Amino acid sequence: MKGLNAPPAWAAKAKRTLDAVRAAMAANTERVFTTHWTEDAVRDLLLELVGVKCWYCETLIVRADVNVDHFRPKSEVLDVPGHPGYWWLAYDVSNYRIACKHCNSGGARYNGVPEGRAKGSQFPLLAGTRARTSLDDLEREQPLLLDPAHQGDPDLLGFDTAGYARRGNTPYSSAEADSGLCRADETIRILALNDSRIVPFRSRLMQEVGVLARFGDAPDVQALIDAKVGPQAQWSAAAATALALQRACDRPIVAPAPPTTTPVVTPVLDPRRSKVDLRDLLEYLDPDDLKAGITLTGRYNKTVHHATLNSDGELDILGRLWRTPTTAARVATGSRQIDGWNFWRLTIAGVEQTLAEFRAKHFPPATRP
């Protein structure tokens with residue numbers, strides 16, 4: 001979000017506060033962060049960009065506090081002992097994101113069950129070197145959380161017709177493969193983007209857009225569509241997905257020319273994808289077992305957790321579907337650090353093995369990373 005400039009009077013006041021924080025850091029005394037980011041001068045500047053809605057879940061913020069979230073947390077970084085937080089960015093408007101209470105500090109629920117603490121002071125890295133001082137290069141960090149203000153990040157999220165946020169069709173990056181994590185899945189988990197109170201409304205919106213799109217290019221219909229897919233609209237990304245899907249379905253189907261020879265179809269395995277999800281490994285499992293659902297188990301803190309692997313390669317945890325074993329394990333256990341490939345175990349022909357062992361046995365050596 002480069003290029004956004006704070007009003008001069010606000011910037012001067014924020015600089016004085018930051019200088020006091022810097023002095024406290026140097027003297028090893030208590031820091032005091034005055035909440036200048038809550039002032040209208042800067043908050044209104046952010047609201048003008050996409051309206052009064054959460055930049056993370058896109059829910060309109062109606063009759064509730066509008067939170068200005070520090071994308072890189074200012075005071076501490078959860079799970080990184082000794083990190084002082086990105087204090088030097090406390091008054092940098094490029095580090096601000098508009099957030100609803102649920103995405104910023106928790107409260108989201110799935111079928112009545114709390115989803116956790118939300119973003120808060122979490123700022124996990126996918127890869128790279130974490131900045132600890134104002135002299136460190138932030139470009140060397142690769143955040144795990146999708147950044148709604150970073151070009152390309154929102155495109156990694158897609159939506160199915162039931163209104164659930166899912167990863168789009170973009171291939172996994174090398175960093176995702178190296179860590180065995182999917183940025184979209186982890187963002188959905190941490191921010192509870194599939195809160196059961198949101199999903200039905202998203203689904204209804206997508207249905208409405210699909211119906212409107214079938215009416216063609218009538219100006220009044222197009223105006224209704226534009227109002228639903230515009231950047232200031234609630235859940236506009238899901239609406240845009242529905243519009244693109246309907247328009248793709250409306251395109252005339254052109255029959256391809258008959259091939260001169262019969263092509264030989266060779267399954268293509270993506271070594272990066274096979275380090276993150278199970279789709280390329282399903283061929284080694286019994287189709288009938290997959291159709292019925294294969295039970296996986298994992299033990300954590302003396303508790304046995306269960307998941308069901310389905311024929312799409314998704315892991316069902318209490319009715320929620322996750323494509324990546326590690327995110328599924330973190331949902332099941334509440335742990336933010338667990339590795340799902342070593343956590344989940346399945347039994348084949350009477351032999352119990354971890355998903356990591358299953359992958360090592362069947363993944364073609366020629367395509368291993």
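Reader: What makes aspartate 79 partly exposed?

Author: Its relative accessible area is 40%. Buried means under 20% relative accessible area, exposed over 50%, and partly exposed in between, with a 1.4 Å probe and protein chains only. The 40% of aspartate 79 lies between those limits, so the residue is called partly exposed. Aspartate 79 also has a positive phi of about 70° although it is not a glycine.

Reader: What kind of model is this?

Author: The model is predicted: local features need pLDDT of at least 70 and side-chain atom pairs count only at pLDDT 80 or more, whereas totals for chains, interfaces and linings use all residues. Residues are numbered from 1 along each chain as its sequence is written, and side-chain values use heavy atoms, with hydrogens and water left out.

Reader: Where is aspartate 79 found?

Author: Aspartate 79 is in the loop between β1 and β2. Helices (H or I, at least four residues) and strands (E, at least two) are DSSP runs, numbered from the N terminus. The protein chain has 12 helices and 14 strands.

Reader: Why does glutamate 58 count as buried?

Author: Glutamate 58 has 15% relative accessibility, which is under the limit for buried, so it counts as buried. Glutamate 58 is in the loop between α2 and β1 and has a positive phi of about 65°, again without being a glycine. Glycine 51, which follows α2, has a positive phi near 85°.

Reader: Which residues of helix α2 are buried, and what do they pack against?

Author: Val42, Leu45, Leu46 and Leu47 are buried in α2, residues 40-50. The buried residues of α2 pack against α1 (8-27), β1 (67-70) and β2 (96-99). In the protein chain, buried residues make up 45% of the 369 residues.

Reader: How do you know that arginine 130 has no salt bridge?

Author: A salt bridge needs a side-chain nitrogen of Lys or Arg within 4 Å of a carboxyl oxygen of Asp or Glu. For the buried arginine 130, the nearest side chain of opposite charge is glutamate 141, at 4.6 Å. That value is beyond the limit, so no salt bridge is assigned to arginine 130. For charge, Lys and Arg count as positive and Asp and Glu as negative, while His and the chain ends are not counted.

Reader: What joins the side chains of arginine 130 and tyrosine 86?

Author: A polar contact of 3.1 Å joins them. The term means a pair of N or O atoms within 3.5 Å; within protein, one must be able to donate a hydrogen and the other to accept it, and residues adjacent in sequence count only if both atoms are side-chain atoms. A polar atom of the arginine 130 side chain also lies 2.9 Å from the backbone oxygen of phenylalanine 123. Arginine 130 sits in the loop between β5 (125-128) and β6 (141-143).

Reader: What makes arginine 330 and glutamate 186 a salt bridge?

Author: Their closest N and O atoms are 2.7 Å apart, which is inside the limit, so the pair qualifies. The pair links distant parts of the chain, with arginine 330 in helix α10 (residues 325-333) and glutamate 186 in helix α5 (residues 183-191), 144 residues apart. Arginine 330 is buried at 10% relative accessible area, and glutamate 186 is buried at 1%. The whole structure has 21 salt bridges.

Reader: Why are aspartate 19 and arginine 22 separated by about one helical turn?

Author: They are 3 residues apart in helix α1. An α-helix has 3.6 residues a turn, so residues three or four places apart point the same way. Aspartate 19 and arginine 22 form a salt bridge at 3.1 Å between the closest N and O atoms. Aspartate 19 is partly exposed at 33%, and arginine 22 is partly exposed at 37%.

Reader: What makes β13 and β14 a pair?

Author: Two strands pair if DSSP finds at least two bridges between them. Strands β13 (residues 345-348) and β14 (residues 351-354) have 4 bridges in the antiparallel sense, so they meet the criterion. Leucine 346 has glutamine 353 in β14 as its bridge partner. The hairpin has 2 residues between the strands, and its alanine 349 takes a positive phi near 55°.

Definitions and conventions:
Contact = heavy atoms within 4.5 Å.
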